[in-house]
Amino acid sequence: MRALVIDDSRPIRGIIAKIMRGLNFETIEAQNGSEAWGILNEQGPFDVVTVNWEMPEMDGVQFATKVRRAVRYRNLPLLMISSIADNERIGQAMKTGVDEYLVKPCTPGAITKKLNALGILVSVSSASAKTPHDGTDNIPANSRDLTVSKVIEKNRTPATTSTHSRTSGQAKHKTGKSDTLAERQREIRVLTIDDSSLVRNVIKTTLESVGGFKIVGAAADGCEGLEQIEMQRPDVVLLDIEMPRMDGLEMLRAMRSQGVRVPVVMFSSQTERGAKATTDALLLGAKDFVFKPGGARMSDLQAGEEVIRDQIAPRLKWLCSRGLPVSSSSNAIDPSKIVPSKTKPIELVVVAASTGGPAALATLFHDSTLRDLLKKPILVVQHMPTMFTKYLASRLAEETGLDIAEAVEGEVLHPGMIRIAPGGNHLEVNRTTGGYTTSINRSPPVNSCRPSADVLFGSAAKEVIGGVLGVMLTGMGHDGRDGCREIRQVGGAVVAQDESTSVVWGMPGSVVAAGLANHVTPIELIGKKIGSYLRVGA
């Protein structure tokens, strides 16, 4: 089971997370509501969320309000843990959508009681391991003696003895959790396609040991894979590249031509040849990729099991846990309302993408409106390993006919040129007497990313005298959000890809959640939107 712990105090956040881990929860932490909202959209629903009230960027009540407005999160259990003890204010929090409220400081026993009230019951497997922690709560001294199980009482009514009981509508909200939790627990149907029976077996045993997955079929090549997709209707496909009869790329082309839209994750070897083929696969619509340790036959089985468990399983869950689109109208700013005399001509467009980015970039750069109006340079951060970005730039240039290349140190930016940050390096823009130039460096990663969108966007906001347009495409995490804020602060504009066309709505979703997006737009229309900004200004 998974818990999201939100608190702006690192020590308190750590204590609550430790308690939750002691109750056998897998925990992820966030320091404010804005960051937590991005994590929710990136990683799907959690079994419970604990949230502080008073935090910067987005406080707990604002977070709860936003969560309850989203259809897919209306049944998400929310436990507010706050130092605010005023009954009137606690009642206010409950009305916004908080399910249970706990005043700090709190004990493991107090948290356990609140989890029980939410229908998450903690059963003690060893009664002799109890030690009193305060006057009312007895909890096990050894957290390893705890077994957490979800107990859903379909006809449960809210406790009438609670000081802060919910309204009848909120009680109905609680009793409706069973269906949502049942949906969360539905196994993800996986089809594995690899010519190595050993690899297929390791994938099957490892994913099934993780839990939440069902291997519904296995194929040794693309021909069998297409047949299995038709018969088994999987939720996601795990696909090798080098196979006899029909390889992974040929299969992706066939899926595209037949209109098959099952998400595909590539699982291939980390070689130069593999990098090129994987990049082609991403451009053909594969959603993500993971390197196969030990070569095409995965000779290092232990490392293979770790990669499947730690990298593939989370990716498959992210891809299969996307909910309904979020309305973005509350955060949209109409550029038509900008006073013409105050508009800045766009001097530079900066773009960020991660998971699903290669295909999104291909769609963007094929747009006829953008191509006709592309009179300014574009700089791109795409989260990819070192050997991938050069080939990605080459393939995009070949497909579109545009001036696209991997960025190099000290290159003067000219109208219409598109440069992609080299993998493993940050890309920045510098202002010189002769215009603007690129700067490449290996400073420490930002947001665990190098290249980082925040680094590029921040440098553009500082260095470019005219208008800057930031574009946030599909991707996990929140890299680029702070850079978008800097762009807005200097009078620039931001366009974010919408949730329905994003593979993962993490990066663009974090920008929308922070209220930084001027427009939230489907990928098919972003090229036209950039074109309109190039005409009018920021």
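Two strands are taken to pair if DSSP finds at least two bridges between them. The model is predicted. In it, seven strands pair in the parallel sense and form an open sheet, in the order 17-18-16-15-21-22-23.

**The parallel sheet**

- The edges of the sheet are strand 17 (404–406) and strand 23 (519–521); each has a single partner strand, so one side of each lacks a neighbour in the sheet.
- On average, and with direction ignored, neighbouring strands of this sheet are turned by 20° against each other.
- Three bridges connect strand 16 (residues 378–382) with strand 18 (residues 418–420) in the parallel sense.
- Val380 has Ile420 of strand 18 opposite to it.

**Helices on the sheet**

- Helix 13 lies across strand 15 (346–353), strand 16, strand 17, strand 18 and strand 22 (493–497), and runs at about 160° to strand 16.
- Helix 15 (residues 386–400) also packs on the sheet, where it touches strand 16, strand 17 and strand 18.
- The direction of helix 15 makes about 170° with that of strand 17.

**The hairpin**

- Strand 19 (residues 426–432) and strand 20 (residues 435–441) run antiparallel and are joined by seven bridges.
- A hairpin of two residues leads from strand 19 to strand 20.
- Thr432 has Gly435, in strand 20, as its bridge partner.

**Helix 10 and helix 11**

- The axes of helix 10 and helix 11 come within 10 Å and cross at roughly 5°.
- Angles under 35 degrees count as roughly parallel, and helix 10 and helix 11 are therefore roughly parallel to each other.
- Helix 10 makes the contact through Leu249, Leu252 and Arg256, and helix 11 through Ala277, Asp280, Ala281 and Leu283.
- By class, five residues of this contact are nonpolar, two are charged and none is polar.

**The second largest pocket**

- The second largest pocket holds about 880 Å³ of space.
- It is lined by 33 residues, of which Arg261, Leu284, Gly285, Lys287 and Ala359 are the closest to its centre.
- Helix 10 (248–258), helix 11 (272–283), helix 13 (357–365) and helix 19 (523–536) each give two or more residues to the lining.
- Helix 13 gives the most to this lining, with five residues; helix 13 is also the helix that lies across strand 15, strand 16, strand 17, strand 18 and strand 22.
- The lining of the second largest pocket comprises 17 nonpolar, ten polar and six charged residues.

Note on methods: Residues are numbered from 1 along each chain as its sequence is written. This is a predicted model: local features need pLDDT of at least 70, side-chain atom pairs count only at pLDDT 80 or more; totals for chains, interfaces and linings use all residues. Side-chain values use heavy atoms; hydrogens and water are left out. Helices (H or I, at least four residues) and strands (E, at least two) are DSSP runs, numbered from the N terminus. On a 1 Å grid over the protein atoms alone, a cavity is a set of points where a 1.4 Å probe fits but cannot get out, and a pocket is an open set with protein on both sides within 12 Å along at least five of seven lines; lining residues have an atom within 4 Å of a point. Grid points are joined across faces, edges and corners, and a volume is the space filled by probe spheres set on the points. Ala, Val, Leu, Ile, Met, Phe, Trp, Tyr, Cys and Pro count as nonpolar, Asp, Glu, Lys and Arg as charged, and the others, Gly among them, as polar. Axes are lines fitted to C-alpha atoms, for helices over the stretch in contact, and angles run from 0 to 180 degrees between N-to-C directions. Angles under 35 degrees count as roughly parallel, over 145 as roughly antiparallel, 65 to 115 as roughly perpendicular and the rest as oblique. Contact means heavy atoms within 4.5 Å.
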